[in-house]
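Notebook open, model loaded. I want to go through the strands, then the rings, then the overall numbers.

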Amino acid sequence: MANTKNTRDAQNAQNSSDETEEREPAGERLRPMEVLRNARAQLAELTGMQAESVSSFEQTEDGWALEIEVMELARVPDTMSLMASYQVELDPEGQLTGYRRVRRYERGRADARGGRQ
C-alpha cells in the first residue's frame, strides 16, 4: 500500500511539473496571442460585451496597448448595430490596467477619418 501511495505521489508531482512547464516561465514575456486573448477576456468581463476584433496591437515600454472592437447594441439589420472601439492597456504580465471607449459607430458605416488620428 505504501508503494502505491509513493507511486501516486510521484505521478502527482510529475503532473504538477508538466503544468508548470506549460505556464509562462518566470521573467519570460507573454506571447502576442496570449496578450490578445487575455485582453479580450478581461475587457469582456469588465464591460459585459464580447470583443469582436482587435484593430490595433502594440508592445509599449509599460506593457501592451490595443484597440478592441465590441458590439454595444445589436440591431436589425446587423449593419445598423452600434459598435465601439475601446483603447485597452495591459501591464507586461498581460493584466488589464485601464480601458476607455474612443469612438462609437454603426457597423455598416465606413470610417470617415480614414484610420486612426
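I started at Met83 and looked up its bridge partner in S4, which is Tyr105. Two strands count as paired if DSSP finds at least two bridges between them. S3 and S4 clear that with 9 bridges, in the antiparallel sense.

Before going on, I noted that this is a predicted model, where local features need pLDDT of at least 70 and side-chain atom pairs count only at pLDDT 80 or more, while totals for chains, interfaces and linings use all residues. Residues are numbered from 1 along each chain as its sequence is written, and side-chain values use heavy atoms, with hydrogens and water left out.

Still on Tyr105, I checked what sits over its ring: the charged end of Arg103, 4.1 Å from the ring centre. My cut-off for that is NZ of Lys or CZ of Arg within 6 Å of the ring centre and within 35 degrees of the ring normal.

**Hairpins**

I then looked at the turn of the S3 and S4 hairpin. It has 5 residues between the strands, and Gly94 there takes a positive phi near 90 degrees. The hairpin of S1 and S2 has 2 residues between its strands. S1 covers residues 51-60 and S2 covers residues 63-73; they run antiparallel and are joined by 8 bridges. I wrote down two of the pairings: Ala51 has Val70 as its bridge partner in S2, and Ser53 stands opposite Glu69.

Buried means under 20% relative accessible area, exposed means over 50%, and partly exposed is in between (1.4 Å probe, protein chains only).

**Ile68**

Is Ile68 buried or exposed? Ile68 is buried, at 0% relative accessibility. Its place is in strand S2, and it stands opposite Tyr86 in S3. I listed its contacts (heavy atoms within 4.5 Å). Leaving out residues up to four places away in sequence, Ile68 touches Ala39, Arg40, Leu43, Ala51, Ser53, Val54, Ala84, Ser85, Tyr86 and Val88. I also took the C-alpha separation from Ile68 to Glu52, which is 7.5 Å for residues 16 apart along the chain.

**Aromatic pairs**

A pair of aromatic rings is described by the distance of the centres and the angle of the planes. I use rings of Phe, Tyr and Trp (its six-membered ring) with centres within 6.5 Å; planes under 30 degrees apart are stacked, over 60 edge-to-face, and the rest tilted. I found 2 such pairs in the structure.

Phe57 and Trp64 have ring centres 5.3 Å apart and planes at 15 degrees, so I logged the pair as stacked. Phe57 is partly exposed at 31% relative accessibility, and Trp64 is buried at 5%.

Tyr86 and Tyr99 come out as tilted, because their planes are at 50 degrees, with centres 5.9 Å apart. This pair links distant parts of the chain: Tyr86 is in S3 (residues 82-90) and Tyr99 is in S4, 13 residues apart. Tyr86 is buried at 7% relative accessibility, while Tyr99 is partly exposed at 37%.

**Whole chain**

Last, the totals. The protein chain has 2 helices and 4 strands, running α-α-β-β-β-β from the N terminus on. Of its 117 residues, 27% are buried. I get an accessible surface of about 8300 Å², 47% of it from carbon and sulfur atoms. Those areas use the Shrake-Rupley method with a 1.4 Å probe, and for residues only the protein chains shown count as cover. Of the contacts between residues at least 6 apart in sequence, 39% join residues at least 24 apart.
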